[in-house]
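Subject: Structure handover

Hello,

Here is the structure I said I would pass on. Please open it alongside this note; what was found follows below.

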Amino acid sequence: MATAIQKITLSPSRDIPFNKLVLAQTNVRRIKAGVSIEDLAASIARRGLIQGIHVRPVLDADGRETGMFEVPAGGRRYRALEMLVKQKLLAKTAPVPCVVGNSSSAVLSEEVSLAENLDRAPLHPLDAYHAFKEMRDKGMSEEEIAAAFFISVNIVKQRLRLTAVSPALLDIYAEDGMTIAQLEAFSVSNDHVRQEQVWEAVKNSWSKEPYQIRRMLTENTVRASDKRAVFVGLDAYEAAGGEVLRDLFQSDDGGWLQDVPLLDRLLTEKLQVMADEIANEGWKWIEVALSFPYGAARGLRELNGTPVDLSDEEQATLDALRDEFDKLQKEYEEADELPDEVDQRFGELETAIRAFEARPVRFDPADVARAGVFISVDTNGSLLVERGFVKPEDEVPVASEGDNDRSVEAGNKSVAAGSVQRSVITTGGQSTGPGDDEEDGIKPLPDRLIMELTAERTLALRDKLANDPATAFLAVLHKFVRDVFSRYNSQGAAMDVCVRATVFPAQSPELRDTPYARAIDGRHKAWETRLPSDVTELWNALAALTAAEQAELFAHCASFGVNALYERADRYGNGAISAHGVQQRLTEADHLARAVGLDMADAGWRPTVGNYLGRVTKARILEAVREGEGERAAQLIDHLKKGDMANEAERLLADSGWLPEPLQLADINVEAVDSCSDNKDEELPEFLAGDGDDDGLFEDEKGDQVEIAE
């Protein structure tokens, strides 16, 4: 005979007035965590009580029901209802749906309370995301959804964004095949095909971190913080049909601009409009580019314009801004931290004051007619207009000193200073022009005689100068300044020394914006501001400097002659420099670097795809990572394609201090260097020793090292 299976009996449910309920001491929830009572009360007020409360009758000493019920499970709901009663939103006698347990049950109240909390299965995040999407599709706005669940609108946007990821990837996430952080990274792009391609590329690799996924999805885009995007403006880009990819889960600096050709076209058009406006000023030439290489204006003479004076109204505004700035500065000078609104106001005042102080410059129309302008985009995305540069071929011709229409002042052995042409020389207190050629008059000296006399004077000056170090220093400094600062013509100087400023025939696009390039430019402009415009006043100005200032200026000018460049030598000795000459130059550059304490990493150099990692082979990239971050880091990227490997290496090496061999200080044996000065067959360092015929490698037109597949 079969044994009958005893059926379970569920506890009955009934509505009980709220004032008949009391919170049981057996409720296991003691810690206040999760959703606040206030939020739960608001949810009940909006939606009603979704889940009933488990209660048990309260018995008296004789075991009889008292009409009161204790709440062992559902304490937070009870407290939320209690709050609604206190807020007069719920009546004290309002019926509450309850499940009534048996007071005499063998199951403890504590067990019931614990089971209610432990047996709950949390909703899978993807189900919540889909629910948000369904509510939006049925007409609820993102703001309404956020208000309904007491969360921020941004969280709603994030959750809705995840539903835009490829369904195939959502299925993988639902089966725990990827993390929520990885899924969030895929939401950067709306291209499902590209999302799936990236997942296929990274799912079995060492490097499938969210940052790697984001980088691969945005590798052909331009960051919104890029100076091109800042200059064009996101509004203009989007108005032209451009799409901006946004990352709602991390700070993305404004996102990524997907249509790079469109951005470049808008950039070119905007620069052209600016150039057309500036062309109305009458300049002879205008050069326009995104950026110009470092030293682009080398060899050009820069004009000295006159700043336009402030109008009375502008001056009053500037004074008011300065007064407000000074008042705020005095008011908060003792404060450890500025309030946000005060800090913002300081920034606004500083910007406004700088705008007034950066006065436009007025140039002589004759100078404008033969000078030109460089128009580019500055590193912060603003328009950079550099006016007033004269090319050598556009300079006004100057008469030769050898012309015979000069005259000599009788009894005066010195030649008038500050005149290049010397076409008129005062004699005896009167000017003798080129037309004063009467038979009995004083005629100009023959050129040959003047040459002989000035040769003797030169020797005498050398002798005197050799015995006067202070004046020698000043004389050399005088010549250096004339060579370095483009406002002066370096011809016709009495000192036959010069600074041969080294040009960079090959340079990275970033060179102009490096810390050291900006430091040099800043120092140069600071001195240029202090020095007189007229070369005839230069000597007295230099003489008036203190010894320390002269030394600083001397060092600045001399620094323009430093040449630590490598250049390929002709193996047959027919080039401008031999292999030994290259080695000697680099060795001396190392000596100089040691003397000044130069470390390129401390100076701000970092390996990037543009300046190194994208220009060498995969083996070189791995070698760099291995040296900078260790073997483990190299193994993380050794399976990647070269482009991805270079990008990952840039991230890994960013703060490592690693330097390629040409930027490292070589170990110098001073005695060996001195003794090998006559050795023309000295071997170059390993990184220079190749003759360009390395197996499997060649250099493309950019000088990049390219591997040939075997």
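At what angle do helix α4 and helix α6 pack? The angle between α4 (residues 125–137) and α6 (residues 153–162) is about 100 degrees, and their axes are 8 Å apart. That makes α4 roughly perpendicular to α6 (65 to 115 degrees counts as such). Tyr129, Phe132, Lys133 and Arg136 of α4 meet Arg159, Leu160 and Leu162 of α6 (contact means heavy atoms within 4.5 Å). By type, these residues are 4 nonpolar, no polar and 3 charged.

This is a predicted model, in which local features need pLDDT of at least 70 and side-chain atom pairs 80 or more, while totals for chains, interfaces and linings use all residues. Residues are numbered from 1 along each chain, and side-chain values use heavy atoms, without hydrogens and water.

Next, the sheet. Its 3 strands form an open, antiparallel arrangement in the order β6-β8-β7 (strands pair if DSSP finds at least two bridges between them). β6 (222–223) and β7 (244–245) are at the edges with a single partner strand each, so one side of each has no neighbour in the sheet. Between β6 and β8 (residues 256–257) there are 2 bridges, and Val222 is opposite Leu257.

Leu257 also belongs to the largest nonpolar core, which has 25 residues (a core is a set of buried nonpolar residues joined through side-chain atoms within 4.5 Å; buried means under 20% relative accessible area, with a 1.4 Å probe and protein chains only). Leu257, Tyr237 and Trp283 touch the most other members. Helix α13 (260–279) gives the most to this core, with 8 residues.

Regards

Methods:
Axes are lines fitted to C-alpha atoms, for helices over the stretch in contact, and angles run from 0 to 180 degrees between N-to-C directions. Helices (H or I, at least four residues) and strands (E, at least two) are DSSP runs, numbered from the N terminus. Angles under 35 degrees count as roughly parallel, over 145 as roughly antiparallel, 65 to 115 as roughly perpendicular and the rest as oblique. Ala, Val, Leu, Ile, Met, Phe, Trp, Tyr, Cys and Pro count as nonpolar, Asp, Glu, Lys and Arg as charged, and the others, Gly among them, as polar. Buried means under 20% relative accessible area, exposed over 50%, partly exposed in between (1.4 Å probe, protein chains only).
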